[in-house]
Amino acid sequence: MLDAIVSPPLPINEPVFSYAPGSPERAKLKEALRTMSAAPVDIPMWIDGKEVRTGNTLEVRSPHNHSLLLGHVHQGSVEHVHMAIEAAKRAQADWAALSWADRSGIFLKAAELLAGPYRSVLNGATMLGQSKTAHQAEIDSACELIDFFRFNVHYAQRIASEQPQSSAGVWNMLEPRPLEGFVLAATPFNFTAIAGNLPTAPALMGNTVVWKPSALATYSAYFLVELFKEAGLPNGVINVVQGSPEPIVNACLDHPDLAGVHFTGSTPVFQTMWKRVGANMARYKSYPRLVGETGGKDFVFAHRSADVEALAVALVRGAYEYQGQKCSAASRAYIPASIWPKLRARLVDLIGEIKMGDVSDFRNFMGAVIGEASFRRMDEHIQLAKASSETQVLAGGTCDKTKGFFVAPTLVETTNPAHVLMERELFGPLLCVWVYPDADEEKALDLCDSTSPYALTGALFSQDRGFLLRASRRLRFAAGNLYINDKPTGAVVGQQPFGGGRASGTNDKAGSVLNLYRWISPRTVKENFTPPKSLAYPFMTDE
Ligand code: NAD
């Protein structure tokens, strides 16, 4: 907008509202929940700034209340993917020609709208559509997404400011150009903030995007689109296509103009996408950037010096908040025998206090799991835990889908550290514990490192600095985000850049400058003020 080197407002993490009784935010959110529950919405696609309806719709219902109809989603097909890609390509030249600062204004406005009038709307949508409690919705769809918008602008400025050295008579410049082509953003159901960040981070860097939201989170995605519109995002910069995931994603992956994939979701889906990109390599105009943050089987490893009370709370919050449906959720624990009796009793007590039910009732700590497939997967594994001679269910162990998809917070102890419950990502409220003899710490650390293919988050609990050093060294590649005396969930943008290695993803650290680097293809420009005018070099002169 201005011919000046501008500085955006310094980002500060959005404060988390308490929603305590009597607070204004609680009243606003309750009102939003009431009005939204009473008025189902018609959810179109959004292509080239236009709402696109096919009439072929699917119902959206609340996971914790089958009788609550939230809306109808119009289902698109490959034809709509091609419309979206063409719209993205048409929009790219004008969008990429804007300065980073001009693009940033739109996302800073989105942050303000979300901190203000959209806060209760997006939180309400995430509660009703994804069964998050008020607190879980607040830290996701409000605070984390606001932080993504504000911090990414700050990182974009950093990238634009980072310039090479220039020697005498020369000016070197680096221009952070966007990628050529379109970026596919495919987003998971479990975080509205991720759904908002995956299409907007590449867009901030000048790219245009085809966004495929999760079929299990189309309700909050609808309100995200409303937010983008009100923030002033130009037509065609982000285009939303809904429908059967495989054909939509494949139509994008098969297109010669695919410039990048910004994915968060399960490991098998990302691996299938990567294979398809590999098979298509010869047809692309450039090498697509593949960014995928995927599954986890996140550990908590305790030492005998651990503070048992802190450990118990971290395990219960880490394993059961949002029904264990966080990629970072604690799902396997390694506990020394000396503290297990005390810890087990405390865990069983705390789990006994957990209330589960409709998240509109603010007394509940847990809601329902996201849908039928997830409910079935949890039920099957809980039955396995009950039937296996190597496992014992210490708490929970019940599933009930009469009213909604409810799975009780479940604690399992196993005698087999390689049991499937210690290895497989289940993405639900089940924590499996293996108790190791105190003297076998080294063996237990080796098992923790090698049992699962993932390496996303992990936590160490100890008051002994020597153990913390040993364990963090031994588990160096077992987690991209390691926590010391804290639960393995709850990464904050700008504070704990998030992502893991091995089967957990490309570790491009959402919420940091590292992620934004993936969405640029820099151009180096050298201007020579005194170009040479003679072919001969001095060394060629006669002696
Ligand atoms: P998912 O893999 O089922 O879906 C992710 C996206 O891929 C959705 O948009 C979905 O519609 C699409 N998809 C599904 N099947 C597809 C197919 N066959 N072909 C093409 N696209 C397909 O994941 P989910 O259940 O929505 O999310 C949970 C998963 O995401 C868990 O594995 C979790 O660990 C992971 N996750 C990881 C992070 C992280 O930062 N590492 C964050 C959140 C979630």
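1. H4 passes H5 in a right-handed crossing. The model is predicted: local features need pLDDT of at least 70, side-chain atom pairs count only at pLDDT 80 or more, and totals for chains, interfaces and linings use all residues. Residues are numbered from 1 along each chain as its sequence is written, and side-chain values use heavy atoms, without hydrogens and water.

2. Look at the geometry of this pair. The axes of H4 and H5 are 9 Å apart, and the packing angle is about 130 degrees. Axes are lines fitted to C-alpha atoms, for helices over the stretch in contact, and angles run from 0 to 180 degrees between N-to-C directions. H4 and H5 are therefore oblique to each other. Under 35 degrees would be roughly parallel, over 145 roughly antiparallel and 65 to 115 roughly perpendicular; the rest is oblique.

3. Who makes the contact? From H4 come Arg 119, Leu 122, Asn 123, Thr 126 and Met 127. H5 supplies residues including Ala 134, Glu 138, Cys 143 and Ile 146. Contact means heavy atoms within 4.5 Å. The classes are 7 nonpolar, 3 polar and 3 charged residues. Here Ala, Val, Leu, Ile, Met, Phe, Trp, Tyr, Cys and Pro count as nonpolar, Asp, Glu, Lys and Arg as charged, and the others, Gly among them, as polar.

4. Arg 119 deserves a look. It sits in helix H4 (residues 119–130). Helices (H or I, at least four residues) and strands (E, at least two) are DSSP runs, numbered from the N terminus. Is Arg 119 buried or exposed? Arg 119 is buried, at 4% relative accessibility. The cut-offs are under 20% relative accessible area for buried, over 50% for exposed and in between for partly exposed (1.4 Å probe, protein chains only). Leaving aside neighbours within four places in sequence, its contacts include Glu 14, Phe 17, Tyr 19 and Glu 138.

5. Next, the cores. The largest nonpolar core has 71 residues. Such a core is a set of buried Ala, Val, Leu, Ile, Met, Phe, Trp, Tyr and Cys residues joined through side-chain atoms within 4.5 Å. Helix H5 (residues 134–161) gives the largest share of this core, 11 residues. Trp 211 is one of the residues with the most contacts inside the core. Not counting residues up to four places away in sequence, Trp 211 touches Ala 185, Pro 199, Phe 228 and Ile 238, among others. Apart from this core lies another, of 31 residues, including Phe 299 and Phe 467.

6. Now Ile 335, in strand S13 (residues 330–336). Ile 335 is buried, with a relative accessible area of 0%. Among the residues it touches, beyond four places in sequence, are Leu 311, Leu 315 and Leu 343.

7. H10 (residues 308–320) and H11 (residues 340–353) have axes that come within 9 Å and cross at roughly 45 degrees. H10 and H11 are therefore oblique to each other. H10 passes H11 in a right-handed crossing. Their contact holds 11 nonpolar, no polar and 3 charged residues.

8. Finally, check the backbone. Most residues other than glycine have a negative phi. Tyr 322 has a positive phi of about 45 degrees, and lies in the loop between H10 and S13. Tyr 322 is buried, at 1%. Asn 507 also has a positive phi, near 55 degrees. Asn 507 is partly exposed, at 30% relative accessibility.

Methods:
Left-handed = near helix turned anticlockwise from the far one by under 90°.
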